[in-house]
Amino acid sequence: MQRAENPAELRTILDGLRADGGVVGFVPTMGCLHEGHGSLMQKARGEVGHLVASVYVNPKQFGPDEDFDAYPRQLEDDLAFCQAQGVDVVYTPRDEVMYPRDFTSFVQEEVLSVPLCGQGRPGHFRGVTTVVTKLLNQVRPDRSYFGQKDAQQALIIQRMVRDLDLPGEVVLCPIVRDEHGLALSSRNRYLDDAGRSASLTLRRALQAIEQAFEGGERSADALVAAGKAVFKGVEGVKLEYLQVVSRDHLMQLPTLEGVCLAAVAAQVKGARLIDNSVLDAESGKVRATLF
Ligand code: AMP
């Protein structure tokens with residue numbers, strides 16, 4: 001496995017790899033790697049000749065009161081993880097390289113970024129789209145892989161890549177959960193035992209929505225009410241939002257149509273957790289993938 005720490009090193013390595021032919025796949029991450037990231041790497045490994053992963057905690061996507069400083073960092077373990085997953089090149093740029101002092105150019109998606117996490121985290125998606133644009137331009141992958149755990153982010157990136165003709169096809173991968181149903185997340189490390197148990201409320205709420213949906217309920221309000229009922233009386237969990245929205249516009253429709261997303265965000269003892277499930281109103285089934 002080779003390592004690059006700036007765009008010039010990355011370009012030299014990738015030019016060498018591309019000379020042999022082979023499709024380049026890219027998995028961007030913020031590190032503190034777990035099996036959720038591993039699933040993206042495994043899928044990519046099976047589909048591409050050369051696999052690039054980045055480990056970079058992007059300061060521009062954290063608000064002033066968010067957990068940028070506390071965000072878990074464990075580079076040595078992450079390098080070993082990438083190696084074990086068969087990553088060919090790991091890219092670990094530093095802040096000075098990504099954002100020179102006089103950096104003033106940002107990329108902003110203007111519709112899908114507004115609802116859901118866009119409400120509670122102003123500027124977050126602007127930071128995400130800016131860093132992903134930079135990374136895609138630096139790596140120039142044929143395919144890049146994103147997880148549906150961050151479904152809104154994945155949809156925004158897919159839209160941005162199309163709108164701005166950024167390089168590579170965006171591939172979306174299903175959510176990986178632990179044995180209790182909790183979506184794997186680097187932020188799960190913040191949780192103690194009580195927090196881990198409280199965090200299952202997010203999944204339970206989604207399951208209540210899935211059950212009502214599979215039972216034939218198509219009213220968004222009724223589905224949301226079924227999910228919110230699960231949060232009642234649960235201590236240590238502060239619901240930020242729970243919504244059922246259309247996949248294509250992330251807007252709530254009175255009655256579900258096409259493919260919809262039930263999305264939830266909550267603070268569990270200071271850790272902000274998100275989860276979602278995909279409801280296909282055409283087939284009446286819950287599905288693992290957005291597309
Ligand atoms: P992060 O390091 O949290 O920025 O995540 C990097 C990538 O891994 C993003 O595309 C995430 O959506 C994806 N990812 C994180 N957790 C999971 C998970 N539990 N299942 C699937 N993908 C995930």
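I took a cavity to be a set of points, on a 1 Å grid over the protein atoms alone, where a 1.4 Å probe fits but cannot get out. Grid points are joined across faces, edges and corners, and a volume is the space filled by probe spheres set on the points. A lining residue has an atom within 4 Å of a point.

The model is predicted: local features need pLDDT of at least 70, side-chain atom pairs count only at pLDDT 80 or more, and totals for chains, interfaces and linings use all residues. Residues are numbered from 1 along each chain as its sequence is written, and side-chain values use heavy atoms, with hydrogens and water left out.

Entry, cavities. I looked up how many cavities reach 30 Å³ or more, and the count is two.

Entry, largest cavity. I noted a volume of about 850 Å³ for the largest cavity. Its lining has 49 residues, and Met 30, His 37, Lys 149, Asp 150 and Gln 153 lie nearest the centre. Two or more lining residues come from each of strands S2 (24-29), S5 (143-147), S8 (259-268) and S9 (271-280) and helices H2 (35-47), H6 (124-139) and H7 (151-163). Helices (H or I, at least four residues) and strands (E, at least two) are DSSP runs, numbered from the N terminus. H6 gives the largest share, six residues. I sorted the lining by class: 27 nonpolar, 16 polar and six charged. Here Ala, Val, Leu, Ile, Met, Phe, Trp, Tyr, Cys and Pro count as nonpolar, Asp, Glu, Lys and Arg as charged, and the others, Gly among them, as polar.

Entry, second largest cavity. I found about 80 Å³ for the second largest cavity. Of its 13 lining residues, Leu 182, Ala 183, Leu 202, Leu 273 and Ile 274 lie nearest the centre. Helix H8 (193-214) and S9 each give two or more residues to this lining, and H8 has the largest share with four. By class I have six nonpolar, four polar and three charged residues.

Entry, pockets. A pocket is an open set with protein on both sides within 12 Å along at least five of seven lines. I recorded about 250 Å³ for the largest pocket. It is lined by 18 residues, with Val 55, Tyr 56, Val 57, Arg 73 and Leu 75 closest to its centre. This lining holds nine nonpolar, three polar and six charged residues.

The second largest pocket has about 180 Å³ of space. Its lining includes Asp 65, Glu 66, Asp 67, Arg 121, Arg 187, Glu 240 and Arg 272. I counted seven charged, three polar and two nonpolar residues there.
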